[in-house]
Amino acid sequence: MTETELKPSAAEIPSEHIIDINGVVKRFGDNAILDGIDLSVSKGEVVVLIGPSGCGKSTLLRCLNGLEPIQGGTITLHGEPVIHGEKSLYKIRQKIGMVFQSYDLFPHLTVLKNITLSPIKVQKRDKAEAERQAMELLARVGLADKAKSYPSELSGGQKQRVAICRSLIMDPEIMLLDEITAALDPEMVHEVLNVVLDLAKSGTTMMIVTHEMAFAQAVADRIVFLDGGSIIEQDTPDEFFRHPKTERAERFLKTFTYTK
Amino acid sequence: MGNNFLRLLSGLWVTVRISLISIAFSLVLGTLLGAVMTSRNRVVKVLCRVYLEIVRIMPQLVWLFIVFFGVTRLTGANFGGETSAVIVFTIWGAAEMGDLVRGTFEAIPRHQFESSLSLGLTKPQMYISIIFPQALRNLLPNVINLATRMIKTTALVSIIGVTEVLKVGKQIIDANRFEFPNAAIWVYAAIFFMYFLICFPLSMISRAIVKKQQRSEGE
Ligand SMILES: Nc1ncnc2c1ncn2[C@@H]1O[C@H](COP(=O)(O)OP(=O)(O)O)[C@@H](O)[C@H]1O
Ligand SMILES: [Mg+2]
């Protein structure tokens with residue numbers, strides 16, 4: 001995977017911020033999981049979040065679309081504050097696509113209905129038009145023939161590709177992907193990562209949590225290394241993987257037996 | 001003979017009436033109870049659990065006696081046999097139904113809620129389009145099983161003097177003991193057949209639903 005050169009380099013990206021995270025503190029009880037996180041993601045940028053298990057990567061993504069309340073700092077999407085429990089959240093969430101690690105398709109709906117549910121119910125779009133776009137998206141991820149299937153009839157990799165379509169149809173400003181291949185059998189990881197790589201190439205703004213280091217290097221404009229509730233280091237993938245600047249990042253990278 | 005059959009049928013109607021009324025009450029009260037049982041409040045949770053366990057531990061027969069004789073004596077209120085039966089079966093049915101509703105909602109994975117919300121659905125939209133349909137699909141076979149159990153258990157009410165189908169059967173058998181010594185077999189066969197006619201379709205429906213779910217054909 002050496003597709004890095006196919007994407008615009010960081011310098012070419014216009015610096016319009018999609019998400020701004022300022023001094024975010026997240027506690028569970030007395031336990032500060034996120035302890036003052038500052039991070040911005042620009043339009044078209046792909047930020048890959050890595051760090052040891054339990055360091056708060058999922059928590060950060062969940063805070064970004066208001067699934068978790070934060071105890072300090074601010075999060076804004078295009079300048080609009082993301083506040084847990086506020087009515088405004090419903091609007092904001094439409095602009096944030098999220099795919100989780102677990103297969104979270106709605107089991108009682110067909111693939112097509114899974115995808116068209118929110119455009120029809122939430123955005124009040126025309127059913128036929130939503131279905132047409134859903135079919136386009138399915139074709140794009142190679143699943144056009146599965147539109148009428150139920151989730152239980154799909155493999156894990158297919159489910160995750162449908163979940164990606166389900167988010168994309170809302171035309172989000174940013175996609176948040178939380179270890180979307182972690183629960184997959186190894187032979188299915190590739191098909192899903194290829195879809196994500198394809199999205200990155202077409203300029204989709206993304207924040208990705210992954211343990212696939214080779215993929216991280218291929219897809220990222222920027223690697224953000226999180227540990228102990230803070231951002232320890234951030235850099236271009238080439239710099240980060242070749243010359244980690246902190247000892248913690250170096251130690252973390254050694255735990256991966258990836259070949260490069 | 002035809003007359004006896006009519007008597008059996010009217011006994012059966014008592015059974016069905018008690019069952020239907022109790023089941024209807026149980027569905028409504030049980031659903032409410034189930035909603036309460038999913039509460040995060042510890043005290044509420046424990047109280048519901050205690051209620052459920054007490055209802056379960058004691059045989060329905062004992063409950064019938066308690067309500068029919070005990071409550072009557074204590075309060076002076078005089079419930080008829082049928083009313084007592086409906087009260088007891090509702091107390092029982094609502095507890096079981098509550099537990100089913102609780103279990104069904106707790107079994108819906110957290111990420112079903114979260115992915116609904118992250119798609120921008122409002123909470124009412126989430127419940128209507130995502131949560132309730134799934135809950136209903138899982139609940140239905142269990143509710144039918146509970147209804148079947150309740151119908152079968154109503155046979156107990158003859159003990160507190162309600163003349164339901166089994167009791168009518170016994171009366172017929174006793175009345176014909178000398179003329180037709182083999183009447184018992186035929187009467188019980190008829191009763192068996194009547195229960196079968198009511199409960200079999202129910203269990204067929206429940207099985208069909210389960211099968212449909214397994215194939216996940218939805219709608
Ligand atoms: N709802 C919660 N209540 C209490 N602690 C939680 C909750 N969710 C997550 N945590 C804790 O927060 C920490 C970070 O979790 P998470 O964000 O899932 O880590 P990661 O995704 O980086 O593996 C973990 O120690 C986890 O135990
Ligand atoms: Mg995680």
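At what angle do helix H5 and helix H6 of chain B pack, and how far apart are their axes? I opened my notebook with that one, keeping in mind that this is a predicted model.

**Entry 1: two helices of chain B**

I looked up residues 110-118 (helix H5) and residues 123-153 (helix H6) of chain B, and found that they pack at an angle of about 145°. Their axes lie 10 Å apart. I also noted the hand of the crossing of H5(B) and H6(B), which is right-handed.

Next I listed who makes the contact. From H5(B) I wrote down B:Gln112, B:Phe113, B:Ser116 and B:Leu117. From H6(B) come B:Lys123, B:Met126, B:Tyr127, B:Ile130, B:Ile131 and B:Gln134. Sorted by class, the contact of H5(B) with H6(B) has 6 nonpolar, 3 polar and 1 charged residues.

**Entry 2: chain B as a whole**

I then stepped back to see the rest of the chain. How many helices and how many strands does chain B have? I found 8 helices and 0 strands. Read from the N terminus on, the elements of chain B go α-α-α-α-α-α-α-α. I also checked the extent of the C-alpha trace of chain B, which spans about 75 × 45 × 25 Å along its principal axes.

**Entry 3: around ligand 1**

Now I turned to the ligand. Which residues surround ligand 1? My list reads A:Phe28, A:Ile33, A:Ser53, A:Gly54, A:Cys55, A:Gly56, A:Lys57, A:Ser58 and A:Thr59. By class, this shell divides into 3 nonpolar, 5 polar and 1 charged residues. I asked which element gives the most to the shell, and it is helix H1 (residues 57-64) of chain A, with 3 residues.

**Entry 4: backbone atoms and ligand oxygens**

I looked up some distances between backbone N or O atoms and oxygen atoms of ligand 1. For A:Gly54 I noted 2.7 Å from a ligand oxygen. For A:Lys57 the distance to an oxygen atom of ligand 1 is 2.8 Å, and for A:Cys55 it is 3.3 Å.

How much of ligand 1 does the protein bury? Taken alone, ligand 1 exposes 560 Å², and the protein buries 58% of that.

Notes:
Residues numbered from 1 in each chain as written. Chains lettered and ligands numbered in written order. Predicted model: local features only at pLDDT ≥ 70, side-chain atom pairs only at ≥ 80, totals over all residues. Heavy atoms only, no water. Near = heavy atom within 4 Å. Polar contact = N/O pair within 3.5 Å; in protein donor to acceptor, adjacent residues only side chain to side chain. Areas by Shrake-Rupley, 256 points an atom, 1.4 Å probe, with all protein chains shown as cover. Helix = DSSP H or I, 4+ residues; strand = E, 2+ residues; numbered from the N terminus. Nonpolar A, V, L, I, M, F, W, Y, C, P; charged D, E, K, R; others polar. Axes fitted to C-alpha atoms, helices over the stretch in contact; angles between N-to-C directions. Left-handed = near helix turned anticlockwise from the far one by under 90°. Contact = heavy atoms within 4.5 Å.
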